[in-house]
Amino acid sequence: MVLRLFSLLEGSNYAPYAVQAIRSILQLPHISFGSEVGKGQLLHHLRFSIDYLRRAHLLSQEGKPANLFGVASHLYYTEPSNLAMTVLLQHGVIHDICSQASSIEAERDLVVLLCHLFGRRYLPEVYATTNNIHDLVQKGPSCVVLAPLHPKARAVLLAHQKQTLGIFSAYALAFSSQHADELGPDNQLPLSGVVGPSDTSSLPQTPLFAHLSETARKPKARSLFVATSGHDDTFGDVGELTRTVRHGVHLNKHAIPTVEHILNPKLPLNAYLYDFFVHGQVDALVNMNGLRRDDVWFVIQAFHLVLMTIRGDLENLLSNISIDSGRDAALHETDSDSHTVSMSDDSGYYSSNPFGREEEGGEADQDIFQRPRGVRDSDWRVYEVVNSITHQFSVKFKAMWA
C-alpha cells in the first residue's frame, strides 16, 4: 500500500488532491488494523515500511518508484510473493535460471520457482506419503509434489528475510524506546491481566539483589515476561517478534513482508501448476493432484494472470531501458562485492496495461514486442523465457474453454 501511495504522489507530480487523499487514507480507523493502535504507532510503521522499500530498491532516496516497481505494484494482491519476485530479479537468480543452455530446462525451472511464489497449495501429509506419491506417478503424467526451491533463490530470500526482520525489529525497539512513558511499565501478565509492581525501590537492597539488577537483561521491545527466560531484543523470526513484543506495541504479522512461509513450507507443495504447464490435462489435476474439478479453471486463471502481468511489466521495463539507453539500466546489476546496487528510476506509475496485447477470445501475438535497442542479452533472455512460458500456459489454458 505504501508503495502504491508513493506511485500516486509521483504520478500526479505531488498534486494537492493526491496529497490530501493520502492524508485522508492514513487517518481511516481501519488502516491501523485495530482500535488500540494509535496514530503515532501507525506513522512509525509507515516510516519503517518506507525504509524497507528503499532497501529493496523499490523507492529511490527521493521517494520515486524505481525499476521493478511495476512488478511489485501490479501483483500487490500476492504480497509478499510480489516483493520476493523483485528481490530474485534484482539478485540475478532468475537471470541465472534463464541463462541455461536448454530452453526447456530453463522454462521448467522458472515455472517451479514461480510456483513457490504464486498459487501455493499444500498437500495433506497423509496424501503426500512416499508410497502414495509413487503409486500416483506410475498412473499418470503429474509429478504431484513440487520440486524444492532453487538453492540460490533460497539463499537470496533467506538474506532478504533477515534484513526484513532487522528492519521491523528496529521499528519495535524505536517505538518502545521513544514512547516508553506513554506505554508505561510492561508489568501486566498477558493472560490473567494481573499487574505486578512497577517500582522496585521498596524491595530489600541486598547484595544478591544488587548483583541481579546489574546482570539482568533489560529489553525494551521484548515482553518482560518472555525476557525472564533469557531473551533480549534479538528476535529469531517475524513470528517470534509479533508474539513476544512488549505490551502496547501492536504488530500484525500479515503487515510485515515476511517470506518465512516460502522458505519453510509447513507441508509439501502441490505441483498442480507445474504439472498443468507440462501436460495441460485437467483430469490429471483432479485425479492425481487432488484438485476439485470446479476449482481448476479459477486457479489456472489466477496463475495465468500472474504470468501475463510479469510479461507486461518486463516489456515496460525493457522499453524504458531502450528510451534511456544512455544510462546503465538493467533488470539486475551487482557490484564487485555481489551486493545489489541502485537501478534505473523508471518503472513507475505509468506502466502500460499488462493485458493490453491479449485479444478477447484470441491468442497473443508472439511477434508484437520486438527487442528494444540497448537491451542486454541477459535481460532479453529473461523476457524470452517468460514470454514462452506465458504463451505455452495460455495455449493449454484456453484449450479448456471448449
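A: A residue counts as buried under 20% relative accessible area, exposed over 50% and partly exposed in between (1.4 Å probe, protein chains only). This is a predicted model, in which local features need pLDDT of at least 70, side-chain atom pairs count only at pLDDT 80 or more, and totals for chains, interfaces and linings use all residues. Residues are numbered from 1 along each chain as its sequence is written, and side-chain values use heavy atoms, with hydrogens and water left out.

Q: Is W297 buried, partly exposed or exposed?

A: W297 is partly exposed because its relative accessibility is 30%. F397, by contrast, is buried, at a relative accessible area of 1%.

Q: How many aromatic pairs does a search of the whole structure find?

A: Rings of Phe, Tyr and Trp (its six-membered ring) pair if their centres lie within 6.5 Å; planes under 30 degrees apart are stacked, over 60 edge-to-face, and the rest tilted. The search finds nine such pairs. One of them joins W297 and F397, whose ring centres are 5.6 Å apart; the planes stand at 45°, so this pair is tilted. W297 belongs to helix α17 (residues 293-323) and F397 to helix α18 (residues 377-398), so the pair ties together parts 100 residues apart in sequence. Ring pairs also link F276, F303 and F393 into a cluster.

Q: Where does H279 lie, and with which residues is H279 in contact, leaving aside its neighbours within four places in sequence?

A: Helices are DSSP runs (H or I, at least four residues), numbered from the N terminus, and contact means heavy atoms within 4.5 Å. H279 lies in helix α15 (residues 272-279). With those neighbours left aside, H279 is in contact with P141, S142, A284, L285 and K396. A polar atom of the H279 side chain lies 2.8 Å from the backbone nitrogen of Q281. H279 is buried because its relative accessible area is 16%.

Q: Which residues other than glycine have a positive phi, and where is a cis peptide bond found?

A: Most residues other than glycine have a negative phi, and most peptide bonds are trans. Here, H57 has a positive phi near 60°, and V144 has one of about 70°. H57 is placed in the loop between α3 (39-55) and α4, whereas V144 is in the loop between α8 (130-139) and α9. H57 is partly exposed at 21% relative accessibility, while V144 is buried at 0%. The cis peptide bond joins E79 and P80, with omega about 10°. P80 lies in the loop between α4 (69-74) and α5.

Methods:
Helices (H or I, at least four residues) and strands (E, at least two) are DSSP runs, numbered from the N terminus. A polar contact is a pair of N or O atoms within 3.5 Å; within protein, one must be able to donate a hydrogen and the other to accept it, and residues adjacent in sequence count only if both atoms are side-chain atoms.
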